[in-house]
Structures are given as structure tokens and as C-alpha cells.
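User: I am new to reading protein structures. Could you take me through one, feature by feature?

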Amino acid sequence: MLLAAVSLSLAGQEPVECVNPIIGTTNFGACNPGAVMPSGMMSVSPFNVMGSELNTWDKDSRWWSTPYVAENKFLTGFTHVNLSGVGCPDLGSLLTMPTTGPLEVDYHIYGSEYRNETAHPGYYSVELLSGISAEVTATLRTSVERYTFPGGEGNILLNLGEGLTNESGATLRRVSPIEVEGSKLMGTFCYNPGAVFPIYFVLRVDKTPSSTGYWKKQRPMTAEAAWDSDAGKYKIYKTYSREISGDDIGCWFHYDKLEPGQKITVSVGISFVSIENARQNLEAEQHGKGFDEVVKEARDAWASDLGRIKVEGGTPEQRQVFYTALYHTLIHPSILNDANGEYPLMEWGNPEARDSRPIATGRNGQVMRTMREKGIGKVAEGHNRYTVFSLWDTYRNLHQLMTLVYPERQIDMVDSVIAMYEEWGWLPKWELFGRETWTMEGDPAIPMIVDTWFKLGDRIDVRTALPAFEKSANTPGERNRMRPDIDPYIERGYIPLNWFSQDFSGDNSVSHALEYYVADAALARYYEAAGYDEKAILMRQRSLGYRHYYSPEYGTLRPLLKDGTFLTPFDPKDGADFSNAPGFHEGSAWNYTFYVPHDVEGLAQLMGGPKAFVTRLQKVFDEGLYDPANEPDIAYPYLFSRFRGEEKRTWKEVDNILQKYYTTAPDGIPGNDDTGTMSAWAVFSMMGFYPDCPGEPSYTLTRPTFSKITLPGLVITRTKKPSRALVGGKNKGYRVSHEDLLSAGTITWK
């Protein structure tokens, strides 16, 4: 039976009622429909990517970076702590599963097909063909699951062997007949072998079982069988109740005779600090609360956050796309600190970081020496430490959305990033639960912090961040962990091919340099605003080094060799299938050529002037060279508006992309949501403005989707067929500063 609080129409007027978490759960969107709070550490998702003979989906047959895909219909459990929209596997572990009949611990057998899914913010339910009805919800750091059994024998399983993480190894300990605790190793995101971390948990059931115990998958007993990963047998431990450890272990709670309709509730608390903290989180967030009360609190939290933006007009489908996108932007970054404020220090245990970690952690609070030695930090009361900083993605638009609509959250996010520098010695690039994963390229924390500083001023501790900026911008050679190929970048103004290869993606020299140019342009803006004129000039000059890559023969950027000549042969369409062409990461030269947002007018001059620039940019859209599913070119539609009289091209292409790629279907996101980045593009675009140059406090306008949008400090309206925009009643063109936008208070499309 569905709760009244979550059974409202998705087409309703309240923002929380318009969210459809099934959107983005196929076509590599990598979102999941599980229960999570805004910025929640805990999330509970159905796990259906490991199946039976009826479902051949497995880790090697498809992109296995999400616990759920819409087309699969075989459930093997509910995972606790998941990533949303990412392209590499990690987390998605601690699987709980209700089953009927005699005890069975092999997921190939105990899994169940299902039907009648329901998903709303903070709530998910499904009916298993085994006869069990499953409902899940979450607090910030805990989960509650309610399973309704058909009667007879039943079981609750905790499987620590399966999941998305590439790491293995777990420990379990029985605390009482209804409670177990333990830890599991996670990590190696994007196959980085050093980026591992433990998750600690406590699990309780609210009904005493008839019996309980462990299981463990045994090693193959013969050399021949060792070649078969499934040769090991599951061994059931019924009389052993101390600790158990291994790569493929679990625990079970068996009930001999359940009444029809019998409900059993499972509560899980987690922490990335300790088992003790996991238990404290469970007590702090669930004590005295029932399942329905937790569902209501989750829904109320989402209603509050989603309600900061109110849209009117448009179709029910457009409102569903908009609020689901806004919902996805509010999942990550996620809170890392426990209810008592403790969190794991960045890169603690890494010998290379040991000497650079101070006792204090900036505005996030003081760390006592004894806590520091244990790798534990503590935030100041009223603040949060954040994690899951997919900065190569999110520095382009998601943090600009946080700054505009959720500034108190963005301040804590920036403080978290700066504290990571104090703890580790470097700003993060792609941080995950206190470990750097070194995913993608560039120096993305610089433009993210600078952009926020320009908009929020002294609320951002930019003085503490400045040494970090200069360290990554100027440290030479391989000692520069953020820019390991910085030497030729500084000496020549570009990075040649065959100088540095980051990982299995190959040589991404042009992509690396373009990201450095954007970071240095942002740093130049900061220096100029802060009165460091000579440094501003130097960084501005560095940011224009992209000109070395421009090939008049092709009208695109083109990789350079060590002798300064262009790569030959060269096809600017190479890599258009999301592969890694020489010099480019996950894309072609066309996907990267226009990614110089800090000097669009200068690039236009290289191409022969605005007319030639616009013609070449239009070619990208007309010939299918634009990739809406990856970051480097997602701002392309807005570049037309840099040139007077061409703004209608922006309107047209933005409308086309929204209509074609952003829908209410499970594949309604163009590809990986990248922790909310693609969704942030839709949110901004449907509101009618976009931050197309990270680190520059400006927006480019486009026609909004809705007749009225109300944000904190800004109201946007449009007529049915608008032809121009007035900012504060004045014609300011189609590129507007953040200050002018908020001081005007209105954008009117007539």
C-alpha cells in the first residue's frame, strides 16, 4: 500500500510532485531511482545489474557504473551508498535482500523478478514476484527498509560480496540476534588502484529471527577449479557467531513462520570514520521514528530545496524534466561528516601527503592532534564537510547553480575543497570520500572557487586558497601533481603529443592544455580584481596559448608534435564516437575547438572573424558533430550570442537540444549525468540563462521554457513568442553579469 504522502501526481504543481527519479536510468545516464536526501551520505537503490539466466547483464557486458538500469527486471538486493550519474564503477555495496522460503545465499537463485515500481524523492517501492513488497527510504546518513512478507518462511540477507566497487574484502561481527556491524573496503574509482577507503556500518532488524548466522564463498579446492570464478561453494555458518572476514561474505536472519502481511523493518547506519559513528548516526537520525515518519521528513526536505525555484506555465512534461533535473543536481556533492561532525581527512594514510597536513582545517573547524593522528577531522557546528567532487564536470555549471540558489551549501563545498588542500597539500581534481581518484584532467578547483568568490565575496576564504592556486599553476615538473605536464605548457605555451600519458585514455595533450587555459584565465581575473597586476598579465598570457593549436588548414584545434609541427595525418572528426583521438579525451577536435570560453572573440579572429566563426560553429550542429553527452562542448549553443544579431541561433539550438535529449523517459538524459552536470545544463537552459565561462561571473541569455520562473532575488517572465530580453527593464544585450542580473531583479522576454 503506497503512502499518501508519496502518491501524488507527478504532473502536480508542487515541485516535489514533479520529480521522476526513473529519468536517466538507461542510455548510460547512470542515475538510479533509489531513496536519498538532498546531499545525503546515504542512498538506497534497487540493485538489478547482476541477474539470473533470465537476465544476462553482468559486469563485463555493459558499462557497469550504476546499480540499476530501467530495462532490467531482476532484483538481487538494495545497495547502500551509491553514486549518481558517473561513468566509472564504485560503491553500490552493502546489499540487503528479503527472500521467502528456505535459506538461500546465492544471488543467482535468491534474486527475484519484480513489477509495479514507484519512485519519488526519498522513497522507492517495488513488488517482488516472490510475493514480498519492498519499500525503502533514507535520512542523511541512514536508511530504513520495510519488507512485507506473504507468510511462511522468510529471510533478510546482507551480502557484502557483490556490488559495484572494484575492491573486495569485508568484516562482519554479530552484536545481538537483531544487530550486526562491520566494514567493507571500497574504491579504485576509474581503476585508480590507490583510491580506496572503508565504509563502516551497523544493521538492525526490528523482529527477532528464529536463527541467524554468516555465509562465506569458499575458495576452489583444486587447481583446475581455480580457473572458474564460480567454482567456490557458499558455506553456511549456523553455530559460529564471532567475527568473520573475507572477499565474499554475508549474514542472514531467518524466520521460520511469518504471518501473511508480516512487516519487518531493516535499519542501516553508515560512517566513513568508524563503526561507533555509524551507530551514533543511526541513533541520532532514527531514534523514536517509524518508517512513515522518515518518508515524510525526506519528502519535506526535498520539497523545501526544490521549492527554491518556482516555475509556472510550460507543459506537465516540461515541469517534470525541469524538477527532475534540479533533483539530480542536489544529490552530489554529498555530506561526508557524521552527526557528531567527524569526517576522514583527505588522503590520510598516504605517505606522500603526510608532511603537508596541518592540525587546523580552515573554516571547517579545528582538528585536535589526537584526532589528526587517527585521520579524523571535525567540522564546526552548523557546517558540513562535502565529498564526491567530480570537478572536471561540475565546475562548468553545477556549482554556479549552487552559488545562485543554495549559497549556504556552496560555501561549505568551497570550504571543504580548501580544507582538502590544507590536509593534503593539493586542491582536489575528482575527490571521492577523502581520496583523490585523478579522473580526467585540468585544474578545475581554481575556476570553481574563483567563480564563487566573485559572486559571494568574503564569504569565501580565498586567501587560504591562493597558495594552492599558485602551487598548481607554477610548481615545475613531475612534482606538480595537478599539472604533471606543466613544463612545456609554461615554456612553449602548449603541450605536445608524446610528452605525458595520464592513464589508459592515452595522450590527451590538447584536452589537458585547454583545461589549464581556463583555470589560468580564472586565476588572471582573480589577480586583477585583487590588485596583483603583474600576475594577472602573466596568467592572461598563458591562457591564450590555445592559439598555438589552431590549424588554419582545418579550422580546428590540432595536436602539436615536440618539434612544433602539427600532427599528420589528422582528421578533426576522429574521436567523434566518444573515443580518445590523439590529443583529445573522449571526443574529437570539433568537440574541443570552441572550448576557449575566456577568449571567444579572440578565437573568432583566428577563424577569420565573427561570420566565419558562426558558420563553423553552426556546422557542428548541422553535421551532427555536437555531443550533448559530454562536457567540453555543452556550452557551444550559447557562443552564438557573443556576436550581435546571432542570438537566435542560441535560442534555436538550445530548444532543439532540450526537446531531443531531455525527456520524461528513462533515457531522458543524453548520457552520463556526471553528478548532476547534464541536469544543471537543463536547469539553466530552461530558466533562460547559462554560465558559459567558468570563473567569469556572467551569463548568456536564451529564451526560457516557462512563462514565469521565480528564484531568490530574480523573476523571469516571457510572452508566448518573445523576440527580445529586457534586464531590469533595460536592453543590456544577451550577456549579463551576475551583479547586474541580481540587482536588476527581473528578466522580461517580450
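Predicted model: local features only at pLDDT ≥ 70, side-chain atom pairs only at ≥ 80, totals over all residues.

User: What holds strands of a sheet to each other?

Analyst: Strands of a sheet pair through backbone hydrogen bonds, and the pairing is either parallel or antiparallel. For a case here, take strand 5 (residues 93-100) and strand 10 (residues 152-159), which pair in the antiparallel sense over six bridges. Met97 has Leu157 in strand 10 as its bridge partner.

User: Which order do the strands have in the open sheet of three strands?

Analyst: The order in that open sheet is 29-30-34, again with antiparallel pairing. Its edge strands are strand 29 (689-690) and strand 34 (735-737), each pairing on one side only. Strand 30 (residues 698-701) and strand 34 run antiparallel and are joined by three bridges. Opposite Ser698 stands Ser737 of strand 34.

User: How many helices and strands are in the protein chain?

Analyst: The protein chain has 20 helices and 35 strands.

User: How do I judge the overall form of the chain?

Analyst: Compare its radius of gyration with the value for a compact globule. For 750 residues that value would be near 27 Å, and the protein chain has 26 Å, so the two agree. The C-alpha trace spans about 80 × 55 × 50 Å along its principal axes.

User: What share of the residues is buried?

Analyst: Of the 750 residues in the protein chain, 63% are buried. The chain exposes about 27000 Å², and carbon and sulfur atoms supply 50% of that area.

User: Is Asn192 buried or exposed?

Analyst: A residue is called buried under 20% relative accessible area. Asn192 is at 13% relative accessibility, so Asn192 counts as buried. Asn192 is in the loop between strand 12 (179-187) and strand 13 (196-205). Leaving aside residues up to four places away in sequence, Asn192 touches Glu436, Thr437 and Trp438.

User: How far apart are the mean positions of the positive and negative charges?

Analyst: The protein chain has 74 positive and 94 negative charges, and their mean positions are 4 Å apart.

How values were computed
Residues numbered from 1 in each chain as written. Heavy atoms only, no water. Helix = DSSP H or I, 4+ residues; strand = E, 2+ residues; numbered from the N terminus. Rg over C-alpha atoms; globule rule 2.2 N^0.38 Å. Buried < 20%, exposed > 50% of the residue type's maximum accessible area, 1.4 Å probe, protein only. Areas by Shrake-Rupley, 256 points an atom, 1.4 Å probe, with all protein chains shown as cover. Lys, Arg positive; Asp, Glu negative; His and termini not counted. Charge placed at Lys NZ, Arg CZ, Asp CG, Glu CD. Contact = heavy atoms within 4.5 Å. Pairing = 2+ DSSP bridges.
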